[in-house]
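Please look at the sequence and the three-dimensional view together.

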Amino acid sequence: MTELEKIAYAKAYIESLANGLNPLTGQAVPDTDVINNVRISRCLFYVSDILRQVMENGGALKKKTKTAKAPFLLDYEARKSFRYSELPIPISEIAKRINELIQPEEMKKLNYKFISDWLMHAGFLIMAQGDDGKATRKPTEDGMRLGISTEQRQGQKGIYTVVVYNKMAQQFILDNLDAVIELSKR
């Protein structure tokens, strides 16, 4: 008996059990039998499907192959579709809206940290000590003129400060997205 034949027998037995049947006699198993438990039955159907896949692949379970995603890139035409907010929004929301313009299955997303790092590198944000003693980002004078500010917000752990970007600052980020992308490649 070949390996594939053994797998086929095992699959048939598991399917019988999953359907509440004794695989040796073909008779229905009593309703009170553990094999008729819904969770057990689902598990058996799952195993049966795995065995089906193994049989279809000649005795080997086909591994899912990860396709390498392309580096983040956003052409100028796609940038025109960015949804600007009239209200100031955090950098994470800006990154989220930028990432809505790509195909995430094919391309890596842009992490908001790269935008923040570029803004620090360009002199629009600095690291400063917050009221709680932790390091936090804050806008510089140039950053404030650009439209970067801070807001107090209420969270689950109390009041916190968040850096937000008005429409002009959002536009500035989109206008300089190539520099952000270049920094993200390093």
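Strand 2 (residues 125-129) and strand 3 (residues 135-139) pair in the antiparallel sense over five bridges. Two strands count as paired if DSSP finds at least two bridges between them. The elements themselves are DSSP runs, numbered from the N terminus: helices are of type H or I with at least four residues, and strands are of type E with at least two. Before going further, note that this is a predicted model, in which local features need pLDDT of at least 70 and side-chain atom pairs count only at pLDDT 80 or more, while totals for chains, interfaces and linings use all residues. Residues are numbered from 1 along each chain as its sequence is written, and side-chain values use heavy atoms, with hydrogens and water left out.

Within this strand pair, Leu-125 stands opposite Pro-139 in strand 3. Strand 2 and strand 3 form a hairpin, with five residues between them. In the turn, Gly-133 has a positive phi of about 90 degrees. As a general point, strands of a sheet pair through backbone hydrogen bonds, either parallel or antiparallel.

Strand 1 is joined by two bridges to strand 5 (residues 158-165), and the two run antiparallel; here Ile-89 stands opposite Tyr-165 in strand 5. Strand 4 and strand 5 pair in the antiparallel sense over eight bridges, and Ser-149 stands opposite Val-164 in strand 5. A hairpin joins strand 4 to strand 5 through two residues.

Contact means heavy atoms within 4.5 Å.

The charged side chains come next. Side chains of opposite charge can pair when their charged atoms come close. A salt bridge is defined as a side-chain nitrogen of Lys or Arg within 4 Å of a carboxyl oxygen of Asp or Glu, and a search of the whole structure finds twelve salt bridges. One of them links Lys-11 with Glu-15, with the closest N and O atoms 2.1 Å apart. Both residues lie in helix 1, four residues apart, about one turn of the helix. How far is each covered? Residues are called buried under 20% relative accessible area, exposed over 50%, and partly exposed in between (1.4 Å probe, protein chains only). Lys-11 counts as buried because its relative accessibility is 15%, whereas Glu-15, at 29%, counts as partly exposed.

Leaving aside neighbours within four places in sequence, Ser-48 is in contact with Lys-11, Ile-14 and Glu-15. Ser-48 is buried, because its relative accessible area is 4%.

Glu-56 counts as exposed at 57% relative accessibility, while Arg-52 is partly exposed at 31%.

Which residue forms a salt bridge with Arg-79? The partner is Asp-178, with the closest N and O atoms 2.6 Å apart. This pair links distant parts of the chain: Arg-79 is in helix 3 (residues 76-79) and Asp-178 is in helix 8 (residues 177-185), 99 residues apart. Arg-79 is buried, with a relative accessible area of 8%, and Asp-178 is partly exposed, with 35%. Elsewhere, salt bridges that share partners join Asp-49, Arg-52 and Glu-56 into one network.

The final stop is the surface. Met-1, Tyr-9, Tyr-13 and Leu-24 make a nonpolar surface patch of about 520 Å². Patches are made of residues with over 30% relative accessible area and no salt bridge; like charges are joined within 9 Å, and nonpolar side chains (Val, Leu, Ile, Met, Phe, Trp, Tyr) within 5 Å. Accessible areas come from the Shrake-Rupley method with a 1.4 Å probe, and for residues only the protein chains shown count as cover. Leu-24 is found in the loop between helix 1 (3-18) and helix 2 (38-56), and is exposed because its relative accessible area is 68%.
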